[in-house]
Amino acid sequence: MRKLKFMANCENKQELQDCTLAQNYVANLLSQNLSHYGFQTLPQSGAQVAVSVDQHALPLAVNCQSRGQDGHLVCEITSYPNEEQDWLERITEQSLLNQLAQAVENTLKEDQSFSEFEWKG
């Protein structure tokens with residue numbers, strides 16, 4: 001699992017003043033724009049985005065949550081590997097996870113509301 005920590009510049013956009021609204025804004029932004037990178041997003045509730053890739057039924061998900069009132073958000077990209085996967089399927093899943101991580105970062109960098117990107121884990 002990898003985590004992307006970034007700053008939500010809440011003073012720039014009225015809808016980001018509340019951290020809960022910022023979470024939903026991030027989830028909506030990712031849902032709308034990850035398709036530009038070949039990922040299909042699936043409907044979820046709240047600040048979660050489920051992601052699929054054509055011909056790959058991989059359980060990848062993006063979840064963004066607030067961390068206090070300071071405007072910092074943490075996005076987590078998670079994968080739940082099948083214990084019975086062979087080594088080739090695990091390599092494929094890791095490659096897709098890396099591509100998804102890059103797509104998430106690029107999507108957020110295109111929006112002026114976010115800055116200070118740092119990957120953890």
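Mentor: Start with Glu105. Its relative accessible area is 12%, so Glu105 is buried. Here buried means under 20% relative accessible area, exposed means over 50%, and partly exposed lies in between, with a 1.4 Å probe and protein chains only. A word on the ground rules. Residues are numbered from 1 along each chain as its sequence is written, and side-chain values use heavy atoms, with hydrogens and water left out. The model is predicted: local features need pLDDT of at least 70, side-chain atom pairs count only at pLDDT 80 or more, and totals for chains, interfaces and linings use all residues.

Back to Glu105. Which residue does Glu105 pair with in a salt bridge? The partner is Lys109, and the closest N and O atoms are 2.8 Å apart. A salt bridge needs a side-chain nitrogen of Lys or Arg within 4 Å of a carboxyl oxygen of Asp or Glu. Lys109 has a relative accessible area of 44%, so it is partly exposed. Both residues sit in helix α2, four residues apart, or about one turn. An α-helix has 3.6 residues a turn, so residues three or four places apart point the same way.

α2 covers residues 87-109, 23 residues in total. Helices (H or I, at least four residues) and strands (E, at least two) are DSSP runs, numbered from the N terminus. From first C-alpha to last, α2 reaches 33 Å, close to the 33 Å expected at 1.5 Å a residue. That expected span is 1.5 Å times one less than the number of residues.

Which residues of α2 are buried? Among them are Glu93, Leu96, Leu97, Leu100 and Ala101. Further along, the buried list includes Ala103, Val104, Thr107 and Leu108.

Go to the start of α2. There, a side-chain oxygen of Asp86 comes within 3.1 Å of the backbone nitrogen of Leu88. Is Trp87 buried or exposed? Its relative accessibility is 64%, so Trp87 counts as exposed. Trp87, Leu88 and Ile91 make a nonpolar surface patch, with about 380 Å² of accessible area together. Patches use residues with over 30% relative accessible area and no salt bridge; like charges are joined within 9 Å, and nonpolar side chains (Val, Leu, Ile, Met, Phe, Trp, Tyr) within 5 Å. The areas come from the Shrake-Rupley method with a 1.4 Å probe, and for residues only the protein chains shown count as cover.

Next, set the helix in its chain. The chain has two helices and six strands. Their order from the N terminus is β-α-β-β-β-β-α-β. Of the 121 residues, 42% count as buried.

How many salt bridges does the structure hold? It holds three. One of them joins the side chains of Lys3 and Glu76, at 3.7 Å from N to O. Lys3 lies in strand β1 (residues 2-8) and Glu76 in strand β5 (residues 72-79), so this pair ties together parts that are 73 residues apart in sequence. Lys3 is partly exposed because its relative accessibility is 32%. Glu76 counts as buried, at 16%. Lys120 and Glu118 form another salt bridge, with their closest N and O atoms 3.5 Å apart. Lys120 is partly exposed at 41% relative accessibility. Glu118 is also partly exposed, at 41%.

Key: A polar contact is a pair of N or O atoms within 3.5 Å; within protein, one must be able to donate a hydrogen and the other to accept it, and residues adjacent in sequence count only if both atoms are side-chain atoms.
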